[in-house]
Amino acid sequence: MFNRKLMGFVWAVFSLAMVSAAQGADLIADGTGKPLRLWYTEPAPDSDFGWANDSIPMGNGYMGINVFGGTATDRIQITENSLYDWADKNAGFKRKGLNNFAEVYIDFDHNKTSNYERDLNLNEAVSHVKYEQGGVEYTREYFTSYPDKVMVIRLSASKPGKLSFTLRPTIPFLGEGKSGSVSAKGDTITLAGVMTYFDIQFEGQFKVIPKGGEMKADKDTVSVSNADSAVILIAVGTNYEFDPQVFLTPEPTEKLKGFAHPHDKVSGYISAAAAKSYEELRANHLADYTGLFDRVTLDFGATIPSIPTDELVDAYPTGPSSLYLEELAFQFGRYMLICSSRKGTLPPHLQGIWNVYARPPWSSQYLHDTNVQMAYAPVFCANLPELFDSYADFFNIFVNQQRQYATEYIKKYNPSQLDKNGDNGWSGPFWTNPYNVAGKSPVAGFGTGSWIAQMFWDYYDYTRDEALLEETVYPVMYEQANFVSRFVQEIEGALLAKPSSSPEQKFRDTFGTTFDQQMFYENHHNTLTAAKILGRSDSRLEIYETQLPLLDPIQVGKSGQIKEFRQEEFYCDAHKALDPHHRHTSMLLGEYPGQLINDSTPAWLDAVQKTLTLRTRKSNIGWARAERVAFWARVHDGNEAYLFLQDLLEGNFLHNLFNDHRGGPLFQADANYGATAGVCELLLQSQDHVVAPLPALPSAWPNGSYRGLLARGNFEVSAKWSNGQADQLEVLSNVGGPLILRYPNVAQAVIKTPTGQSVEFVTNGRDEIGIQTTKGQTVVVTDIPAYTPVTAPTELEIAKDIKTQVGLTWTGSADAASYNLYRAVGNAPDYELIASDVADTRFAYKASDLKQLDQITFKVTAVRADGRESAEGATVIRLLP
């Protein structure tokens, strides 16, 4: 069985002294990003459609905000992720779940306006509205502050005494398991009530701070007349706490028992914010937000468009500013993650942190068969690792219930392995919400748990924080491996999951699906790796080591595909109910986001590519398109990946850049996050612990640059390229350690420090170098010789097949001086070379074992006169006659 390993090099050592002309090179990492803005010439329509398609989303973890920007009345919709209902469990797609916290209206009665504009500045996470009426320019500025836990709105008029408005918050959906009231006193409106199913006490406070004019509180409103400007502060909260009690208490109304009413908490947020000036609040917000957002810039050379964002979206992909939309979409996913995943708050669900409904799609739950993982797909590669703390903290309160489930399942499915004292690890959930975590579902297998654990491993692998590994990551992985080690059963000579399902396919409760086996393998491997790093000798580690090669994670089928089911022979033939174009492609998770399939397993990579081709582009689901971008990037086909990115932006992105899941519009946030992650994979990969910039650059991006993407090992990578070739690469080593850098001809480039000093490095052929870095060291690579790829041969066929001889023919490559032939037997991850220096486009392969081998994948590549081999090749499957 294949074991992942770091590259083993036979290295030659180089130390290049820099000439003076190379000293003091300009660093990409010192550059600043371009202005990134969504903007519109009309308010968002006051409707559910307008909410999904046009409103501007904002958030700080504590609340999600949608701003409509009306002139007669502005509407601000507020979501708080713990305000949950759950009274009708069998109502289907739109059953109760996350509820709309508040609908806030600001009445201006401005009905004769001109020169209207509203925007969202992604560089600052600040939204604006401006327009003119009666010779006065009115402006509004909105931001949601994580450090101060409030939303801040500033209203201004260009002339003194011209600002008048009425603030009137309301509670939506009263009477349907929800009660409450709104009252005004002095400068503050309080909105409070109870969501009855879980006995959730909620409160929002709205404080008005005018400059000049008069202020009056009515029953449930505050009115300001003839002011120069005003600031409105908004804070919200519930009595929800991050406590295992929430999940371990079965009675819904007892889950929050003993937790404090939110009044004091919310009052504290408001009073602390009110003690600061608007400028201080804004500065706090910018320091927090830009400290995260500014880590990464991306530039495809797009010009800033002169048309509003709705027209930009509608014109894609043929519009003149389509590259700008691609830049915008990448950063919008990072923006959404900053808005929705902050420590101390609940993590993003299917709709992130935004919901306007009483019956949201799939209840705005956390689904662990791809959607949660898609939400966090960009958190590490897009250099926002600490945002994972939100999920990690949430996991640590629901895992207690999962430990109980684990004992239940081992007792039911493999009782001989049960630890009667309850030391059975934790099992993976399918769905959770802030109050419940479900037991086993046939919709997805138990591999969901190992997929969760993989996110924790990635948190370490991208940061290399050993304290984090020991205190947070390792316990999660070890306990998950404990459950798996007791759950798997010996079947057909392997250790397989039973029951087992591949997510959302209709062939369910079988055994040994590739989804489960790959995820189990990944976590066993990562647990053992972590144990070695930490010097651990925990009691079950030897069991995991023994089990690892028996988990059998990859089966290659007769179509050359990665099998989804062990019963499968040719693609998708395991059951008549299977969808060959299914949105889920769970048998490929070992390729992405996993590390099992990588450049050191080329036969498996070819099988991945075959599987993706057979899956086609027929699915219109937003997150599936985003995931396919990353899948294709990992097989280094940037142009095919780019087609899926175009499909996503053209077919699923709404005018406010929300993802339309499948039409309606039906907003689901996972594709927004996933699009960002997919672009990261096109520009930087490190799954085999080799830092590889520009590994799948689409031809649509011939020129560009990026700064600050994160690779495993905690290396920050920046790149600049033109005509599809890297001009400069930079790697900042945040924690030190060995760096292996892969790029064509990098061994012949100039390698230096930012000040032009020499850097000692070792080479592995012409395309890889290794450097022992120190903490804080930056390596700059310039003068990289141009790379011309070798055209691969095509149409490899079996012309003749007798007992011990196979005749192979193929269409040649114009670049070829000769050809290499390879074979991979059965499920082998790598190819073995069977012939080299082949001059013709036909070859008779003779081998005594041909009559015993059920399945062989043959591959031919082209070798140019300079010795470079084609990165791709043609393959054919030979089945035993």
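Select Asn-383 and you land in the loop between α7 (371-375) and α8 (389-413). Helices here are DSSP runs of H or I with at least four residues, strands are runs of E with at least two, and both are numbered from the N terminus. What you have open is a predicted model, where local features need pLDDT of at least 70 and side-chain atom pairs count only at pLDDT 80 or more, while totals for chains, interfaces and linings use all residues. Residues are numbered from 1 along each chain as its sequence is written, and side-chain values use heavy atoms, with hydrogens and water left out.

Stay on Asn-383 for a moment. It isn't a glycine, yet its phi is positive, about 65 degrees. Is Asn-383 buried or exposed? At 4% relative accessibility, it counts as buried. (Buried means under 20% relative accessible area, exposed over 50%, and partly exposed in between, using a 1.4 Å probe and protein chains only.)

Now jump to Asn-115, in strand β7 (residues 114-121). Asn-115 also has a positive phi without being a glycine, this time about 55 degrees. With a relative accessible area of 55%, Asn-115 is exposed.

**Next stop: a strand and its partners**

Select residues 768-773, which make up strand β31. 5 of its 6 residues are buried, so β31 is largely enclosed by the rest of the structure. (Strands pair if DSSP finds at least two bridges between them.) Look for Pro-738, which stands opposite Gln-772 of β31.

Then bring in strand β30 (residues 760-763), which is also antiparallel to β31 and is joined to it by 2 bridges. Here Thr-763 has Ile-769 of β31 as its bridge partner. β30 and β31 form a hairpin with 4 residues between them, and Gly-765 in the turn has a positive phi of about 75 degrees.

**Salt bridges**

Side chains of opposite charge can pair when their charged atoms come close. How many salt bridges are there? The count comes to 39, where a salt bridge is a side-chain nitrogen of Lys or Arg within 4 Å of a carboxyl oxygen of Asp or Glu.

Select Arg-168 and Asp-107, whose side chains meet in a salt bridge at 2.5 Å, N to O. Arg-168 lies in strand β11 (residues 163-170) and Asp-107 in strand β6 (residues 98-107), so the pair ties together parts that are 61 residues apart in sequence. Arg-168 is partly exposed at 29% relative accessible area, whereas Asp-107, at 16%, counts as buried.

Move on to Arg-634 and Glu-681, another salt bridge, at 2.8 Å from N to O. Arg-634 sits in helix α14 and Glu-681 in helix α16 (residues 670-683), so this pair links parts 47 residues apart in sequence. Both of these residues are buried.

For a group, select Glu-124, Glu-141, Arg-154 and Arg-282 together: they are linked in a network of salt bridges.

**A charge over a ring**

Show Arg-342 and Tyr-146. The charged end of Arg-342 sits over the ring of Tyr-146, 3.9 Å from its centre. (To count, NZ of Lys or CZ of Arg must be within 6 Å of the ring centre and within 35 degrees of the ring normal.) Arg-334 does this too, over the face of Phe-293 and 5.3 Å from the ring centre.

Select helix α15 (residues 638-651). Its buried residues include Tyr-642, Phe-644 and Leu-645. What do the buried residues of α15 pack against? They pack against α6 (322-340), α14 and α16.

Then step into the loop between α15 and α16, where you'll find Asp-660. Asp-660 is buried, with a relative accessible area of 10%. Not counting residues up to four places away in sequence, Asp-660 touches Asn-652, Leu-654, Pro-665 and Leu-666, with contact meaning heavy atoms within 4.5 Å.

Finish on Pro-665, which is in that loop between α15 and α16 as well. The peptide bond from Tyr-592 to Pro-593 is cis, with omega near 5 degrees.
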